[in-house]
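Welcome! Please take a moment with the sequence and the model shown here, and then we will walk through a few of its parts together.

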Amino acid sequence: MRFTVTRSCGGARSGVLYAGNWPSPMETPALLLLTRKGLPTFISRDLLASLPLPDSLLLHSSPLHFYDCPPPLSISNVGGLHQMLGLHDHVFVASPRDCVECLPESDSANKLGASFETPTGRRHISPAKYMELISSQKPNLWASLADEVPAWVPEKRNKTSVDRTLRWLDDCLALDLASGSSMLGSIVGGTSRQERERCATEVSKRNVAGFWIGGFGLGESMEERPSLLNAVIDSLPEQKLRMISGFGLPEEVLQGVAAGIDLFDSTYVYHLTAGGFALVFPLDNREKGAFDSQLSDIGSDGTKINLRATIYRKDTSAIVSNCQCFTCQNHTRAYINHLLNVHEMLAQILLEIHNTHHYLEFFRSVREAIKCNSFDVFHRRFIEGRRGHLTSAIAASEYEVIPA
């Protein structure tokens with residue numbers, strides 16, 4: 001794995017990542033597609049080719065998905081995830097938490113290992129067991145085991161989580177045959193700026209390929225995040241890769257990009273798709289009033305629309321008129337509305353294709369803004385557009401309830 005920073009725009013930065021068998025580099029900031037046992041939740045392997053390349057080659061996986069079956073030895077004998085799934089060109093980035101199936105359980109963690117809530121029960125993972133899973137699956141990049149804690153834990157528990165994470169990082173390094181060349185050192189610390197800074201400083205002293213910033217999306221407020229992120233980023237070397245979990249919404253992604261994050265592990269597309277929502281926000285927000293086109297859509301907040309709503313029952317237009325994804329090129333809002341209301345699984349397949357395509361294009365727009373040295377303007381106009389749309393929608397709603 002090789003990573004190079006190519007452009008900086010304030011705190012935001014763009015870069016190129018060389019990993020896997022794909023001949024050309026992948027640009028950052030980039031989105032990691034959420035997977036369950038190595039594949040997106042609704043998109044089958046043969047449909048992955050319909051997504052934009054090379055952006056869709058970056059996949060996030062949790063080693064814990066394979067805790068029970070197949071056993072690590074079987075996966076290792078096959079040749080790892082790439083061989084088992086037939087995804088030879090894709091880049092797998094592994095971290096224990098995926099925010100859907102493998103949630104950290106801080107109350108049950110101890111000095112021997114971390115604890116996670118999974119669909120098959122609570123799992124206690126020691127560094128040795130974690131490294132057994134990693135070595136069998138052979139991901140391109142992987143984060144060390146971490147003791148993540150929610151925002152409300154006391155300062156003493158925060159300190160303990162940092163101490164454990166650093167100790168487990170050393171254990172993982174000792175067991176790693178590649179000596180950290182594919183490892184992302186985990187950084188935690190909850191809502192304590194001091195502990196996050198301490199953890200980042202200590203991790204940066206280790207021989208790791210990059211950094212995985214955990215502990216976000218566990219109860220902290222949006223107002224706390226900039227200070228916590230700055231405490232971490234200011235303690236890290238400039239030239240190494242930075243990945244974060246817990247930042248999913250477009251506003252959160254822009255907040256992370258502004259701080260200097262390169263890779264985002266997000267469950268946003270999954271939750272939208274499972275709920276029957278489609279992304280429609282404008283990818284080019286340079287024009288004033290770009291969000292206004294969705295004001296009349298029921299279930300719309302300027303970012304997404306609810307395709308279960310009856311207003312789309314006879315809507316024969318594409319989800320987004322100029323979208324080049326397979327769904328928008330071949331199907332209508334009315335058809336997806338029908339599929340959702342009769343509970344056909346094809347609805348989620350088509351929605352995930354569109355939502356993934358749209359969100360990958362959003363990341364491409366972010367990278368272009370950084371290259372053009374206009375990321376701050378892009379960020380500000382996106383937030384202002386969202387805020388202005390919501391204000392207009394609320395005003396329209398209040399006007400409608402005024403008696404004649």
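Are helix 3 and helix 4 parallel, perpendicular or oblique to each other? Helix 3 and helix 4 pack at an angle of about 45 degrees, and they are therefore oblique to each other. Angles under 35 degrees count as roughly parallel, over 145 as roughly antiparallel, 65 to 115 as roughly perpendicular and the rest as oblique. The crossing of the two helices is right-handed, meaning that the near helix is turned clockwise from the far one by less than a right angle.

This is a predicted model, in which local features need pLDDT of at least 70 and side-chain atom pairs count only at pLDDT 80 or more, while totals for chains, interfaces and linings use all residues. Residues are numbered from 1 along each chain as its sequence is written, and side-chain values use heavy atoms, with hydrogens and water left out.

Here are the residues that make the contact (heavy atoms within 4.5 Å):

| Helix 3 | 127-137 | Pro-127, Ala-128, Tyr-130, Met-131 |
| Helix 4 | 155-175 | Trp-168, Asp-171, Cys-172, Leu-175 |

Now to helix 8, residues 268-275, where Tyr-268, Val-269, Tyr-270, Leu-272 and Thr-273 are buried (under 20% relative accessible area, with a 1.4 Å probe and protein chains only). These buried residues pack against several elements, including strand 4 (30-34), helix 7 (250-259) and helix 11 (346-371). Gly-276, with a positive phi near 85 degrees, follows helix 8.

Finally, Arg-123 sits in strand 9 (residues 121-125). Arg-123 counts as buried because its relative accessibility is 19%. Among the residues that Arg-123 touches, leaving aside those up to four places away in sequence, are Tyr-67, Asp-68 and Phe-116.

Note on methods
Buried means under 20% relative accessible area, exposed over 50%, partly exposed in between (1.4 Å probe, protein chains only). Helices (H or I, at least four residues) and strands (E, at least two) are DSSP runs, numbered from the N terminus. Axes are lines fitted to C-alpha atoms, for helices over the stretch in contact, and angles run from 0 to 180 degrees between N-to-C directions.
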